[in-house]
Amino acid sequence: MAKGKDIRITVSLECTTCVRKVVNKASKGISRYMTQKNRHNTPNRLELRKFCPYCYKHTIHGEITK
């Protein structure tokens, strides 16, 4: 029998630096990554350091709601 809720879910990660600099005209967009997380092991919001092509450096990418 299948369970009602999946343990592994797909989440979106968004660059926190680009979101704060919305008024900055140099940044042309917001970097987003798709990944999976285990709901039982990490019940909190996920934050990872990933490369942002708009900032040209590694920044913290936080989980966003869909």
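I will take the overall layout, then the sheet, then a few single residues.

First, the ground rules. This is a predicted model, in which local features need pLDDT of at least 70, side-chain atom pairs count only at pLDDT 80 or more, and totals for chains, interfaces and linings use all residues. Residues are numbered from 1 along each chain as its sequence is written, and side-chain values use heavy atoms, with hydrogens and water left out.

Helices (H or I, at least four residues) and strands (E, at least two) are DSSP runs, numbered from the N terminus. Of the 66 residues in the chain, 26% are buried; buried means under 20% relative accessible area, exposed over 50%, and partly exposed in between, with a 1.4 Å probe and protein chains only. The accessible surface is about 5300 Å², and carbon and sulfur atoms hold 53% of it. Those areas come from the Shrake-Rupley method with a 1.4 Å probe, where for residues only the protein chains shown count as cover. Contact here means heavy atoms within 4.5 Å. Among contacts in the chain with a separation of 6 or more, 51% are between residues 24 or more positions apart.

Now the sheet. In what order do the four strands lie? The order is S2-S1-S4-S3, in an open sheet with antiparallel pairing. S2 and S3, residues 47-52, are the edge strands, each pairing on one side only. On average, neighbouring strands are turned by 45° against each other, direction ignored; the axes are lines fitted to C-alpha atoms, for helices over the stretch in contact, and angles run from 0 to 180 degrees between N-to-C directions.

Next, the pairings; two strands pair if DSSP finds at least two bridges between them. S1, residues 8-15, is joined to S2, residues 32-38, by seven bridges, and Thr10 stands opposite Gln36 there. On S4, residues 57-64, S1 has four bridges, with Glu14 opposite Gly62. S3 and S4 share six bridges. Across that pairing, Arg49 faces Ile60 and Glu47 stands opposite Gly62. The hairpin of S3 and S4 has four residues between the strands, and Tyr56 takes a positive phi near 60° in it.

Is Thr35 buried or partly exposed? It is partly exposed, with a relative accessible area of 25%. Beyond its neighbours within four places in sequence, Thr35 is in contact with Ile9, Thr10, Val11, Leu13 and Leu46. Thr35 and Leu13 are 22 residues apart in sequence, and their C-alpha atoms are 7.5 Å apart.

Last, the rings. Lys50 lies over the face of Tyr33, at 4.7 Å from the ring centre. The criterion is NZ of Lys or CZ of Arg within 6 Å of the ring centre and within 35 degrees of the ring normal.
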